[in-house]
Amino acid sequence: MRDVIATAHRVVVKVGSSSLTTTAGGIDPGRIETLVRALAEVRQQGREVVLVSSGAIAAGLAPLTLKARPQDLATQQAAASVGQGLLMGYYTQLFAGHAIGVGQVLLTVDDVTRHSHYRNAYRTFGRLLELGVLPIVNENDTVATHEIRFGDNDRLAALVAHLVHADALVLLSDVDALYTTKPSRPDAVKISDVRGEDDLAGIDVASRGSAVGTGGMITKIEAARIATSAGIPALLTSAAQVGPALAGEPVGTLFHPTGKRRSTRLLWLKHASDARGELVLDAGAVRALTQRNASLLPAGITQVTGLFSAGEPVNLLGPDGAVVARGLVNYDSEELPGLLGRTTRDLIAEFGAGYDRAVVHRDALVVL
């Protein structure tokens, strides 16, 4: 038995599109009923559940007579708009059969990276759980952009697990566990436990997800890294095994915790953000960031590349071009070149108050 899962009081469960829909893209009632029944049993044990559910875009394909997942963002958002209501309708009806109310929570990146949004999201989740409601989470696909989004619901689930202070994360897929290569191959070996990066060496995870989903095994391993680096155990298994998995039976692959709880914003910066530009630093600035936990000032920057706005993530490179950190920049890319190599005292004297701020504050920076 896996006590770390069986005894987890607050569990985040993520289910993928392929586990909820037919191959044609429509919702599969039987699959959703199996999932709801298992989660209801967990709730009846006095445990708390937060469900991160994909499937909105996939559920919207059939009503819009789309034969495959659209590639352009606008059509994806249209499908999500249609499908999200259908998906929540199924969940509401099925959980009601177990006397469980549900609440929809649509999140954007801002909700877990901006402090005020984060606090509000945390309070919302807390109150829903206090009221006995089962939160059902998805990325707000109808307003998300290519530039600022989680990218997939696996990463979203890992960040939600951290946000709600979950005791465990369960990732449900159409594969029953992590294997050394594609499970269909005769030489594939099932991996029951992952305790660190050494256990992932040599694993072939290059295959994509299903035709109706966005992820694959790579995104699930990355989500497990995010969770375990924050002290949260993660279990990967198939949706068909959800009941035994939540009961602590030895199914799937268990990723053991490797770190301690840290800022959700820093977790996102490290694991789930795409840098919009690059800042090249001199050797002194690299030492200040990596050894003294200092903020990045204009004096330590030698070059700026890319187009970005204040508040967006950028990579911080050493003189050799290696990425040493990532952070949220406080200046637009057009404004920074005129500040390079100059002290804050000089900048204040020339431009006035407001130019004493760091280019990247240490609280919005993660060393890689």
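**Close-up views of a predicted model**

**View 1. Strands 13 and 14 as neighbours.** Strand 13 (residues 313–317) and strand 14 (residues 323–328) run antiparallel and are joined by 5 bridges, where strands are DSSP runs of E with at least two residues, numbered from the N terminus, and two strands pair if DSSP finds at least two bridges between them. Within this pairing, N315 stands opposite R326 in strand 14. This is a predicted model, in which local features need pLDDT of at least 70 and side-chain atom pairs count only at pLDDT 80 or more, while totals for chains, interfaces and linings use all residues. Residues are numbered from 1 along each chain as its sequence is written, and side-chain values use heavy atoms, with hydrogens and water left out.

View 2. The order 12-11-13-14-15 describes an open sheet of 5 strands with mixed pairing. Strand 12 (301–306) and strand 15 (365–367) stand at the edges with a single partner strand each, so one side of each has no neighbour in the sheet. From one strand to the next, the twist averages 20°, angles running from 0 to 180 degrees between N-to-C directions of axes fitted to C-alpha atoms.

**View 3. The loop residue T65.** In the loop between helix 3 (56–61) and helix 4 (73–96), helices being DSSP runs of H or I with at least four residues, T65 has a positive phi of about 55° although it is not a glycine. T65 is exposed, with a relative accessible area of 67%, where exposed means over 50%, buried under 20% and partly exposed in between, for a 1.4 Å probe and protein chains only.
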